[in-house]
Structures are given as structure tokens and as C-alpha cells.
Amino acid sequence: MLTFTLRRLLLSIPTLLFISLVIFLLLQLAPGDPMAQVPLTVPPEVKQKMREALGLGQPIHVQYYKWLIQFFWIEPLVFVDYLTNTSTLFSWLPDTAFSEGKLRVISWQTRSPVMDIVVQRMPQTLWVVGLSYVVGIVIAIPIGIYSAYKHYSVFDQAGTFITMIGFSIPPFFTGPLLIVIFSVYLGWLPSIYDTTHVVTDWASFKVQFFQMIMPVMVLALQTTAQISRYMRGAMLDNLNQDYVRTARAKGLREGVVVMVHVLRNSMIPVVTVIALGMPAIFGGAIITENVFKVNGIGQLLLTALFANDLPMVMTLTFIFAILIVLFNLIADVLYGALDPRIRYD
Amino acid sequence: MTEQPIPASPIEADIETFGALTDKEPQKPPRSQWRDVWDQFRKHKGAVFGGGFLIFITFAVIFGPYLWDVDPKGLDIRNKNWRPIYTLLWEADAKAGWAHPFGTDQLGRDIMAQMIAGGRVSMSVGWLAMGLALVIGTAIGVISGYFKRMDFWLMRFTDLVLSLPILPLVLLAVTLFRQPLNSRFGPEGGMFILIVAVIGLTSWMQTARIVRGDILALKEREFILAARSIGTTSGKIIRRHLLPNVISPIMVSATLGLATAIITESALSFLGVGFPSDYPTWGKLLADAVQRMQDFPERVLLPGIAISLTVLSVNYLGDGLRDALDPRIRGR
């Protein structure tokens, strides 16, 4: 198990390097010119200077190498400095200044380090998208269990229909639809998610709660559809197995048979599916964040794309790639750890 | 000499005795495999409705412009902001009528004509992108399943592509490559090619994996050995023996691919990186209507329902096909 994990970790390094190269080359091939908005009256030599200031004067491989250094060496140093200087957990360590005077990945839009902006945007995304994931799982698992237990019942048919709807109705339709119903006609919920809202007391908590309902529900519908489908399939596979008959024959209560024996075995594939869906939480839901005006990571990527802010786009896309690779690995390892029948070596 | 038939062997005698296997011809006409598939498929109500709706919507967008020959881009500013015809049910003096059954938008363009034109684009993007993904996925799946030498590298490549963040990359490619393609093929043609290519190139991986798995299992069967022993070439084996046997997983992943392609195209249009602004697609119509959905909710609802119903019917169709094409489920 340990060797398998180590081997996968080692293998993920070339994978990530390749992905970063693909993203980088894609951005390089793109014809978009960051100097396009500069007025024509600016003389060409000044333009050349501006280009070099943005780090565009060098050949492609040097640019790529520098980005790698900045991302994998300097940004971690900045993080270490943050830990030792300001964080509450490690501030007892002597203050370090590893990153002093080093160039970080700078956004072309705001001229501030990309990672700082990412850290600012992360909480909103984690709150909305993360909570919707949790809500989706909490709804999906009972639905999956019950519709597998009552296979072909009315509940099962209705559950299948609802999951089909969850698969089929895109969030850019459910979002506006809910806004029309609940904000416009009924006026119960706000249509825009206010990220500057601070929860201090019960009243402001209620405001926060109400503004989170719609984005969370829109995203949770999709999660529910997916996970309840897997849960139902896994339960159906297990319910006909011999050990279930044995458990019943021993005289165990039906609740124990289903909720302990079958459920534990059925959770193995579901847990890995849940792990595989995790990167999407950090990646933010580009469409839903756009509909409800949540200024999270997804919205950050979209604005950076429209503004031709290549360092930001590069870094964000690569962070998503790291998360996908990491959670793929976690899913594989979890699968082996939860199910002793699976041997990797 | 008496005509006493002498049984040639004890087995034949038994047959005579028990009267079994004496029937000279089958009593029921032979049934083909596709007949069985169709019978199973018919039992799945949702799939039949889904398939029917998909055929209906495809014909509607193909032949709709000939039946409803209003120009979807024709401005008629005097007749702007008509409501759909059903508004007359509860509001007798609403601005609505049979001239524009779905109403008109803020520039007086007929929404029904726009819906038909938009559906044409969305459906053709969906079908073509799905076809492209299937061709790539099947090719990679077959090659890596059949030729052992290619297997490792092709599957590593598939894993790599699977771990790319798809939606950000699609957005990236569409925003970045819009200009050169537009200048070469025109704003509409360029965007069409770009979107079909981008969706097709990012959604072939599941098909490749499924096809590879099936080919790996099929390759070891006796009929392939027999084919090889009479000197069939690899290309012939693949075309004549392997591909017909993997047609069912390919069909199932085709339906899934169609659904994702339609949704991805609409999402791109919704985010404003899709087709140019005067070129209607369902996602574009929806996105344009969101600003004024308080006054004209039907302009959001109509394209939204069109997208959702199409995708829902495609998903149900896939569900039914999966059951119908699986010989273990069929006939139960």
C-alpha cells in the first residue's frame, strides 16, 4: 500500500509537469496580445520595454522555466514566511524572510501576486460550493439507500426521474429559474450573493443563510443526482449477495442488515466518487458563481480570461490540475484502504 | 422386403422414441438480435418517450424554417416585446397573437423563429461534437486494446487528458483561438468549428476507456483466434469482428456525449464566449434574456426548457439503450 502510494506520488510529478506544459503552450499559442489595449501613440521601443516588464521579452523555454521556479519554489517560500511571521500557529518560530526580494507570479490585471488574490477568493468558493457538496451528499445517500432497498417502487421511479432531471437541467437554467420564482415573484430570497456580508449576530446570520439557499441548492441538485445514482447502484450490487442472506438468517434486524452490513460495503465505491468530485469544490462552479454573482475562484478565472491575464489563468488552471491529480490519487488509495480485497502490488 | 426403417445408431433410435428433435424446421421465425433489442427497448417507457422527443426536435429544427419561414434575425421594432400566445388565457388585452406564437424580443425578432434557428445550431454542434468524440475515442480505444505495444502510452495519455481541468481549458481555448479562426472562416463558421473541435477533443476519454476494456476481453475469444488462423489481417479483424461487437457501449456513450455536448455549448454561449451576439443558439437566447427575466420570464423559460427537455430525453434514451443492448438484462 505504502509503495503503491509512493509510486503514484512519483508518477504524478511528470503528469503535473506535462499538464503545466500543455497549459503554458496553449497560452503561448494563443494570439491574444496583452499590449493590444495600449494606445497606438506609444512608440514601439517603449512597448518593447513594457513587454519585458511583463516578462514577455524572453524566449518561451525561459519563460516556462521562470514560471516553474516562481510557482514551485518562491510561492512555497512566501507561504513559509507567512507561517513564521503572522500565522497564529507557528509565529513562535523565528521570523524568516526567504522570499524577500524574489519575484512572485504577478497578475497583469491588478499587479498584485496571483496567490494573494486566490487566497482572498477561496473562502467564498469553499463556503458556497463546499456546503452545497455536503448538502448534496447528505440528501443523496438516504435517497440512494432507500431507492435501492425498494427497487422498482414508486419512490425508486420518482428518485430516478429526479436524478435524471438533476443530470439534465443545466445550472444556468435552474439558477435564473429559481431567481425568477423566489426573488422576483415571491421575494423571499435575495438574487445576488453578497460576499461582503459579515455574520455578527442572529439577524445577520439569517441574512447569510437566506442568501446561501439558492446557490447551494442549485449546485446540490447536481451533486445529489450523481451521488444518489452511484449509491443506488452500489446498494443494488450488494443487496443480492450471499452475506446479506447470511446476516438475515442469523436473525439480525433488517435495520442492522441494511444500514450496517450492506451500507458499509456499498460506501466503498461511493466514497471514491465523492473524493473524485472534490476538486470541483475548489475549482468553484464557474457558471453558478456567475449566475449568483459570487466572487469565488470560478468567477476569478472567468474575469482573468476575459482580461487576457495570462499569469492568473495559468496559475489557476494549474491549481485545478494539481487538485484533480491529487484527489485521483486519494481516491485510488482510499479504494485500496477501504476494501482489503483490492491489492495493488 | 418390408419397409422397416432400421435405426442407424442408438441415438437416432432415442430420438425416434422420445419424439424430440424431430421438428424439421423452427416453429417460430428466427429473431435477429436487433429485434430483441427493440423489444427490450420498447419496455422502457422513458426511453421510448426520449427517443421520440429527440426525433421530434431534430425534425423540428431541420424542417421548422420551411414551415415557419420568419427570418430569425429580421428586426421589427414596431412589434417588439410581444408576449407568447398563452398569455391571452389570463390577460385578454396582452400584446400577443398568432403572428408571433412565442412572442418577440426587445428588437422585434420572432422568438419562435429564433428558437428553431438556435435549436439548429445547438443540435448540430451536439451531433458533430459527439461524432468527433466517438471517432477519436473509438480509434484510441481500439488501437490501445488491440495493439499491445501502443497500449501503455495511449492509456497514459488518456489518463493525462482525464486529469486536465476541462471546463477552464475549454473556456481558455475558445477565448484564445476565437480571432484567427473567425478571420479565416467568418465569425459564425469559425466559432462553429472551434466549439465542435474543442468539445470533441475534450470528451473522448470515457469512450476510449470503455472500448479498450471491451476489446481487451474480445481479443482473447475463439472467434478472433479462428479469424486470425485463416489469415485475416489485423485491419479486417478490427473492422469485421471487433467493431460490430463493441457497437453497444459506443452507442451508449454516444448518447451521453450528445447530452454533454449540448450542455457544454449552451454553457459557453451563456458565459458569453460562444457564438457572436446576433447568432441565436439556445444558450445564447437564455443568456440574453436573463437581464430582463423579471418582465419577460418566458424568454428564459422557452430556451431553458428546450435545452433541458432535449438533454433529458437523450439521457433517458441512453438509459434505455444501456438496458436494451445488455444481453444479461435483455429478456428478463
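**View 1. Separation of the two domains of chain A in a predicted model.** The C-alpha centres of domain 1 and domain 2 of chain A lie 34 Å apart. Domain 1 covers 18-114 and domain 2 covers 118-338 of chain A; these bounds come from an automatic or database domain assignment. Residues are numbered from 1 along each chain as its sequence is written, and chains are lettered from A in the order in which they are written. In this predicted model, local features need pLDDT of at least 70 and side-chain atom pairs count only at pLDDT 80 or more, whereas totals for chains, interfaces and linings use all residues.

**View 2. Contacts between domain 1 and domain 2 of chain A.** On the domain 1 side, 15 residues are in contact with 14 residues of domain 2 of chain A (contact: C-beta atoms, placed from the backbone, within 7 Å). Helix H1 (2-29) and helix H3 (60-85) of chain A each supply at least two residues of the domain 1 side. H1(A) gives the most, with five residues. By class, this side of domain 1 of chain A has eleven nonpolar, four polar and no charged residues (nonpolar: Ala, Val, Leu, Ile, Met, Phe, Trp, Tyr, Cys and Pro; charged: Asp, Glu, Lys and Arg; polar: the others, Gly among them).

**View 3. Helices and burial in chain A.** Chain A has twelve helices and zero strands (DSSP runs numbered from the N terminus: helices, H or I, at least four residues; strands, E, at least two). Of its 345 residues, 32% count as buried (20 or more other C-beta atoms within 10 Å of the residue's own, with C-beta atoms placed from the backbone). The C-alpha trace of chain A spans about 85 × 60 × 45 Å along its principal axes.

Methods: Buried ≥ 20, exposed ≤ 12 C-beta atoms within 10 Å, placed from the backbone. Contact = placed C-beta atoms within 7 Å.
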